[in-house]
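Here are my notes on this one, as promised. Have a look at the model first, then read on.

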Amino acid sequence: MATAELVVEENDTNLSSDIVKDMIKQLRAIDAYDTYAGWSEAKIIDPIVLTKERKKNIPVIGDPDEITIARLKAYYNSLATLIEKKTGLMAAPIVHLSHEGFGRALIMVGKLVVVDKILRDTHRFGFASLEELKEKSDQTVEKAIALIEKYKAAATD
């Protein structure tokens with residue numbers, strides 16, 4: 001992304017959303033070599049936004065690289081953190097991927113699976129915009145909270 005033009009603007013209102021703030025926190029936490037030192041939040045989160053032009057440059061078939069896998073895990077870690085903040089119950093993300101980028105992401109609260117997502121083509125993981133990231137994340141968190149409320153005994157067991 002160093003030579004590519006950024007698509008996330010510094011004044012994007014979605015930068016202040018819970019999911020984006022937490023993802024930036026997660027990505028900074030796994031940055032062992034201080035790559036993100038001095039980077040703006042917009043620049044850190046920018047690679048998660050896959051516009052049509054960016055998606056065209058990614059082959060249809062391919063294996064995910066370590067950076068893409070780290071972004072994917074940061075996303076599910078962030079979802080789990082948001083679920084945990086809103087319910088007060090510990091949420092544990094589990095991401096299992098093959099080397100080809102196929103797998104499953106789960107988030108468990110107690111013995112209850114609150115998020116279950118089949119993963120395909122993870123080398124193309126991303127969202128069309130930060131707004132889409134926020135909307136899909138909010139929907140996922142709301143569904144998880146509804147499941148926790150419905151099956152409280154399993155979630156607290």
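1. Val95 has Ala105 of strand E2 (103–109) as its bridge partner. That pair belongs to the antiparallel pairing of E1 (residues 91–97) with E2, which runs over seven bridges. Bear in mind throughout that this is a predicted model.

2. The hairpin of E1 and E2 leaves five residues between the strands, and Gly101 there takes a positive phi near 95 degrees.

3. On to the next pairing. E2 and E3 also run antiparallel, joined by seven bridges, and Ile107 stands opposite Val115 in E3. Two residues lie between these strands in their hairpin, where Gly110 in the turn has a positive phi of about 65 degrees.

4. What sits in the middle? The largest nonpolar core counts 39 residues, with Ile45 and Ile83 having the most contacts inside it. Two or more residues each come from H1, H2, H4, E2, strand E3 (112–119) and H5. H4 is the top contributor to this core, giving eight residues.

5. Ile83 deserves a click. Leaving out residues up to four places away in sequence, Ile83 touches Ile107, Val109, Val114 and Val115, among others. Its contacts also include Gly88, Ala91, Val141, Ala144 and Ile148.

6. Now helix H1 (residues 18–29). With 12 residues at 1.5 Å a residue, H1 should span 16 Å, and the end C-alpha atoms are 16 Å apart, so the two agree. Buried residues in H1 are Ile19, Val20, Asp22, Met23, Ile24, Gln26 and Leu27. Their cover includes helix H2 (41–45), helix H4 (66–87) and helix H5 (130–150).

Conventions. Residues numbered from 1 in each chain as written. Predicted model: local features only at pLDDT ≥ 70, side-chain atom pairs only at ≥ 80, totals over all residues. Heavy atoms only, no water. Helix = DSSP H or I, 4+ residues; strand = E, 2+ residues; numbered from the N terminus. Expected span 1.5 Å × (residues − 1). Buried < 20%, exposed > 50% of the residue type's maximum accessible area, 1.4 Å probe, protein only. Contact = heavy atoms within 4.5 Å. Core = buried A, V, L, I, M, F, W, Y, C linked by side-chain atoms within 4.5 Å. Pairing = 2+ DSSP bridges.
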